[in-house]
Each structure stands twice: as structure tokens, then as C-alpha cells.
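I opened my notebook for a walk through one structure. Here is what I looked up, entry by entry.

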Amino acid sequence: MTQPQGALLTGSVNYDDAETTMRTVAEILGAHVSRIPDGEVGKRFHWIMFQPDVLAQADGIERVGDEPIPFPAGIDARPLRLAEGIDARSITLPALGYGAAAAESYAIFTRLREEGVVPAGVRFQISLPTPVAVISSFFSGEDRAAIEPVYTEAMLEELDDVLEAIPHEDLAIQWDVASEMGILEGASGYGALMDHWWAGDVLEGVISRLAALVDAVPTGVEVGMHLCYGDAGEKHFVEPTDTATLVRVADAVLDASGRELSWLHLPVPIDRDDHAYFAPLAELTEVPELYLGLIHREDGAEGAQRRIAAASEVVRQGYGVATECGIGRAPQGSTEAILRTHAEVAAPRR
């Protein structure tokens, strides 16, 4: 059985602050990782759930419903709509919060690197949601098509802020691709059908959007793509039958993008250690770094080894390990064990 090499953290880590995340990851996985995130701490802890509170500040965007929908961390989870008679093109969105958070955490990252805690050569990783994720989750009907270019422009401005604040040789950007997978699978995501709003072929619309996001990251900055089936309550919105849709999306983005993808992450459900799940990976275009999200806290190294054995029968290139999504929502006290499992089943990076 081929031993995987290296590890990837897809984003969230269950700690309260960025320094604890970086110190712990460096201590346990320093030789295994090429990138360290800040753990998506603070208001980003629940991924995109803080975005309605941000967007509702804009003139022309309203909350749906009169009463707040309470969510952890003081978040109001009510969805959004365009105010009656408003042209979305006239709306000016506030800063989305990702650029400011990146600059704050990068200052911690550089200090820890100067102290020798973070190894030299490791990059600072920033995970960003795709615009489709926010639009599909919090807007509905015709508002989705209207607000998409406005929100996309705002997200790209956040990316520009990151690119200006952080030296390119220190930076790695990951696009989190979850809602798109639900749309392609026709899934019911957390109580509502996940559907597209653009004209034409659904897959073509997904791919053109993802390729544009990849290409928005300049060469010299690493860019990765994390394909995901959701993580609410540590559960997917739908369980993939196999890796066929993941491969179809990844190969199409690789073909449509004008720059090289630095890494690709694909999820592996906990109960899939069978050949059939991994078989479509034989058709996956080779990427510089491939990570399979086959580590699960519930069965640790033993379960990961079963899934590694099945994957290694099919995967044509070397690969590293990861969890299938972020570990920010894992139970308190489980984080160190999850990180150690990465080191137990994978060799350090060369």
C-alpha cells in the first residue's frame, strides 16, 4: 500500500484564536504541511453564516422576516432579499470581512515564523467561499441573478485586499466549493432544494465561475480548490455515490483555467472504503498536489488506513491526507487527536 505524503487543513480548526491554531498545527504537523490557516476564528467560525449580518448593512438589501433567527456567536441567520424597486447594480456592499481578517492573522503568522514556531517556507493559507455559496444560501428567486455580479465583485475586492496586504510568496488561496456540488447533485441542502439560477447548462455555469475564481489569483500565489458536500452537524447535505462528479468538476476546471491549480482536495465519506467509490479517480487529471479527505475523528488512523488502501488501488499520482471538511465544528477536545491522525498515516513532505 502506498503511503500518502503530506497533509492539508481545509480551513476551520476548533480553537478560539488564530495563534493557538497556528502553534498547535506547527507543533503536530509542521513537517507535514506546506500551508497553515488561521482556523477561521471569530465570526468566520461558522463559515459563511456571518455574511447576512454584513450584507444587511447595505442600502437596498433587507432581511426576510421580522424576527431574528438566532445562530451561535450572536449571528442572525435570517435570509436576505433586494428591497422593492431596487436595481442591484446600484447597491454598494460593505467590506465582507475576509481581507481584514487575513491581514490580522498574517501578522500573527509572521511573528510566529520569526520566533521559529512556523517553519520557513510554509505559506499562510486563506480559505474563501465562492460567491455561489453565499448567494444560494441567503437569497432566492430572481434576486440571485441580480445580486450575483455585485457580490462577486465584492469578493474579488476582498481578494485584492489580501493580495495587497500579504507578500505573494507567503500566500495560498483556497476556494471552498460546496454549494456548487449540491446544485450539481440536485441535493436538498438543509431544508431547501439546491438549484441554479443561470441560463444554460448547469455544469458549464459552475465551471465557468470556478475557473474565473482560480484565474483571479495571480501566478506566484498558490491557489487550491476544496470540493465539499457540506458540514452542518458533521454531515453532508447529500452523500456522493462515488467520486465521478468530483472528478468531472475538477477535470473541467483544470481544463478551463488559464493558470495551474496548486492543489486539489476531494472528500471521502467515513463509510466508503470500497473500490467503487474511488474508481472514477483513475480518470482524474494529475495535479501538483492532491489531497483526499479520508481522515475522520470517529475512527482515527485505523479507518483512515482502510480508506487509504482502497484509494491507493486507483489513484495514479501521489497524494496527501486531509479531513473531508474543516474541523471547526468537531467536538471540543478532539482537535489534537485529529491532527495527530494526519501525521500517523502520512509521511512528512519532502
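Is phenylalanine 278 buried or exposed? I looked this up to get going, keeping in mind that the model is predicted. Phenylalanine 278 turned out to be buried, with a relative accessible area of 0%.

**Entry: ring pairs**

I stayed with the rings for a while. I found six aromatic pairs. In one of them, tyrosine 106 and phenylalanine 124 have their centres 6.0 Å apart and their planes at 45 degrees, and the pair is tilted. I then checked where the two partners sit: tyrosine 106 is in helix α3 (residues 98–114), and phenylalanine 124 is in strand β6 (residues 123–129). The two are 18 residues apart, and the pair links distant parts of the chain. Tyrosine 106 counts as buried at 11% relative accessibility, and phenylalanine 124 counts as buried at 1%.

Next I went back to my opening residue. The ring centres of tyrosine 277 and phenylalanine 278 are 5.2 Å apart with the planes at 90 degrees, so I noted this pair as edge-to-face. Tyrosine 277 is buried too, at 0% relative accessibility. I also wrote down a cluster: ring pairs link Tyr106, Phe109 and Phe124.

**Entry: the nonpolar core**

How many residues does the largest nonpolar core have? I noted 109 residues. Ile61, Ile173, Leu264 and Leu292 have the most contacts inside this core. Helix α5 (residues 142–165) gives the largest share of the core, eight residues. Another core, of five residues, lies apart from it, and includes Ala172, Trp263, Tyr291 and Ala322.

Leaving out residues up to four places away in sequence, isoleucine 61 touches Leu55, Ala56, Leu80, Arg81, Leu82, Ile91, Leu93, Phe139 and Ile147. I spotted an arginine in that list, Arg81.

**Entry: a buried charge**

I looked up aspartate 251 in helix α8 (residues 244–256). Which side chain of opposite charge is nearest to aspartate 251? I found arginine 316, at 7.0 Å. A salt bridge needs the charged atoms within 4 Å. Aspartate 251 is buried yet has no salt bridge. Beyond residues up to four places away in sequence, aspartate 251 touches Glu283, Leu284 and Thr285.

**Entry: one face of a helix**

I moved on to helix α11 (residues 335–345), where Thr335, Ile338, Leu339, Thr341, His342 and Val345 are buried. Why do the buried residues of α11 line one face of the helix? Looking down the axis of α11, I saw that its buried residues fall within an arc of 150 degrees, so they line one face.

**Entry: a residue in strand β12**

Leucine 290 sits in strand β12. I found leucine 290 buried, at 2% relative accessibility. Leaving out residues up to four places away in sequence, leucine 290 touches Leu264, Leu266, Leu284, Val315, Gln317, Gly318, Tyr319 and Gly320. I compared leucine 290 with glutamine 332: they are 42 residues apart in sequence and 29 Å apart in space, C-alpha to C-alpha.

**Entry: far apart in sequence**

Glutamine 5 is in the segment before α1. How far from tyrosine 319 is glutamine 5 in space, C-alpha to C-alpha? I got 6.1 Å, for a pair 314 residues apart in sequence. Among the residues that glutamine 5 touches are Tyr319, Gly320 and Ala347. Glutamine 5 counts as partly exposed, at 25% relative accessibility.

**Entry: positive phi angles**

My last stop was the loop between β1 (35–37) and α2 (51–55), where glutamate 40 lies. Glutamate 40 is not a glycine, but its phi is positive, near 55 degrees. Glutamate 40 is buried, with a relative accessible area of 8%. Tryptophan 47 lies in the loop between β1 and α2. Tryptophan 47 has a positive phi of about 60 degrees, although it is not a glycine. Tryptophan 47 is partly exposed, at 23% relative accessible area.

Terms used:
Residues are numbered from 1 along each chain as its sequence is written. This is a predicted model: local features need pLDDT of at least 70, side-chain atom pairs count only at pLDDT 80 or more; totals for chains, interfaces and linings use all residues. Side-chain values use heavy atoms; hydrogens and water are left out. A nonpolar core is a set of buried Ala, Val, Leu, Ile, Met, Phe, Trp, Tyr and Cys residues joined through side-chain atoms within 4.5 Å. Buried means under 20% relative accessible area, exposed over 50%, partly exposed in between (1.4 Å probe, protein chains only). Helices (H or I, at least four residues) and strands (E, at least two) are DSSP runs, numbered from the N terminus. Contact means heavy atoms within 4.5 Å. Lys and Arg count as positive and Asp and Glu as negative; His and the chain ends are not counted. The arc is that of the directions from the helix axis to the C-beta atoms. Rings of Phe, Tyr and Trp (its six-membered ring) pair if their centres lie within 6.5 Å; planes under 30 degrees apart count as stacked, over 60 as edge-to-face and the rest as tilted.
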